[in-house]
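Thanks for asking me to look this one over. Here are my notes, in the order I would walk through them with you at the screen.

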Amino acid sequence: MAELRGNCEDRFSKVRAVLAASLDSDDVGASAAVFVDGEPVVDLWGGYVDPGRTKAWDRDTITTVWSTTKTMTALCALVLADRGELDLDAPVAAYWPEFAAAGKENTLVRHLLGHTAGLPDFTGPIAVEDLFDWPAVTARLAAQAPAWEPGTAGGYHSVTFGFLVGEVVRRVTGCTLGTFFAEEVAGPLGADFHIGLAAEHDHRVAPLIPDPQGDKPPGFLVGVSDSYSEAWRRAEVPAINGYGNARSVAAVQSALVGGGLLSAAGAERVFEEQFHGEDRVLGAQMRYGLGYRLEGRTCSWGGWGGSVVLVDAENRLVVAYVMNQVLWDGGYDRGLGVVMAAYDGITG
């Protein structure tokens with residue numbers, strides 16, 4: 001059985017077993033964390049940073065978590081709303097006047113968070129390198145016409161989400177999304193999560209390992225190899241290029257269940273339903289709250305290839321899983337296994 005390091009309360013021993021089994025099969029390096037009432041009860045890691053299995057995954061190893069980053073971006077907006085600095089029912093153009101172009105004058109801030117803004121993708125060709133130019137990409141979105149009347153349908157804003165919410169945060173605070181997150185969210189919580197990675201952390205990064213099927217599926221804008229560049233690490237692409245591990249992901253998202261930063265009412269807002277139906281992009285039934293997928297009293301999201309975080313408001317539980325091996329088919333089964341094992345510790 002794979003060797004794991006870290007801490008795990010006895011009642012969550014199944015999480016340890018599930019993570020070890022995953023490292024013995026599909027995973028190369030991975031971490032799992034469980035927080036209850038804002039306190040860590042599981043913090044485990046194991047495996048390797050490299051596919052040759054020569055360098056161990058350490059306590060402070062971090063990696064790209066893809067769209068799990070969206071939960072961090074959404075939390076920034078929720079924090080500002082809780083402080084009374086951002087009105088989620090206001091038009092986006094109240095903060096970002098240029099956004100009123102092309103029929104978007106009635107688009108609300110909550111439409112951005114709920115994937116109902118009608119800007120799920122960019123009109124016209126775009127390259128990965130274009131994502132690193134914040135002024136240009138946000139100006140492009142401000143000028144773009146929505147694919148549907150904002151607020152009337154849902155469609156996953158896979159890359160645009162971070163620029164849309166991030167530009168509103170920038171207009172409200174004067175800080176980039178990554179700076180606001182570092183100073184007002186990760187910093188106060190002592191969480192090792194980054195949107196825009198400083199060079200001093202490069203040595204801790206576990207490069208993602210592509211799926212055996214290739215660098216990216218057909219139609220994807222960004223592939224695993226794109227995450228290897230220095231430009232990628234330094235840029236802020238707040239929908240997809242956050243860096244962290246399971247501990248830091250769970251620590252931040254514990255803010256929704258009494259882990260600091262938010263009032264009880266402010267945290268509850270995540271459950272305000274924005275859309276429930278067939279997602280026009282994913283082609284699946286989805287229920288979106290303010291930045292998260294909803295199911296019962298849980299809110300969650302995952303990153304391409306397998307990372308995941310789930311917050312259970314009723315049990316005041318947060319579970320996170322982060323890995324370096326990207327898997328297209330069944331990639332989320334690993335994280336789901338960790339989540340179900342955590343529930344065994346709560347109910348067993």
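1. Start at the hairpin of strand 2 and strand 3, where two residues sit between the strands and Asp 37 takes a positive phi near 55°. Please keep in mind throughout that this is a predicted model.

2. Strand 2 (residues 29-36) runs antiparallel to strand 3, and the pairing covers eight bridges.

3. Strand 3 is mostly covered, with seven of its nine residues buried.

4. The structure holds one cavity of 30 Å³ or more, and the largest cavity has a volume of about 40 Å³. Its lining includes Ser 31 and Trp 45, along with Asp 43, Leu 44, Trp 57, Asp 58, Arg 59, Thr 61, Asn 245, Ala 246 and Arg 247. Strand 3 (39-47) and helix 8 (246-253) are the elements that give two or more residues to this lining. The largest share, three residues, comes from strand 3.

5. What classes of residue make up the lining of the largest cavity? There are four nonpolar, three polar and four charged residues.

6. On to the aromatics: a search of the whole structure finds nine aromatic pairs. In one of them, Trp 134 and Phe 163 are tilted, at 5.1 Å centre to centre with 55° between the planes. Trp 134 belongs to helix 4 (residues 134-143) and Phe 163 to helix 5 (residues 160-173), so this pair ties together parts that are 29 residues apart in sequence.

7. Trp 66, Phe 220, Trp 232 and Trp 304 are linked into a cluster by ring pairs.

8. Finally, two charged side chains lie over ring faces. Lys 104 is placed over the face of Phe 99, at 4.7 Å from the ring centre. Arg 297 lies over the face of Phe 271, at 4.5 Å from the ring centre.

Definitions and conventions
Residues are numbered from 1 along each chain as its sequence is written. This is a predicted model: local features need pLDDT of at least 70, side-chain atom pairs count only at pLDDT 80 or more; totals for chains, interfaces and linings use all residues. Side-chain values use heavy atoms; hydrogens and water are left out. On a 1 Å grid over the protein atoms alone, a cavity is a set of points where a 1.4 Å probe fits but cannot get out, and a pocket is an open set with protein on both sides within 12 Å along at least five of seven lines; lining residues have an atom within 4 Å of a point. Grid points are joined across faces, edges and corners, and a volume is the space filled by probe spheres set on the points. Helices (H or I, at least four residues) and strands (E, at least two) are DSSP runs, numbered from the N terminus. Ala, Val, Leu, Ile, Met, Phe, Trp, Tyr, Cys and Pro count as nonpolar, Asp, Glu, Lys and Arg as charged, and the others, Gly among them, as polar. Buried means under 20% relative accessible area, exposed over 50%, partly exposed in between (1.4 Å probe, protein chains only). Two strands pair if DSSP finds at least two bridges between them. Rings of Phe, Tyr and Trp (its six-membered ring) pair if their centres lie within 6.5 Å; planes under 30 degrees apart count as stacked, over 60 as edge-to-face and the rest as tilted. A charge sits over a ring if NZ of Lys or CZ of Arg is within 6 Å of the ring centre and within 35 degrees of the ring normal.
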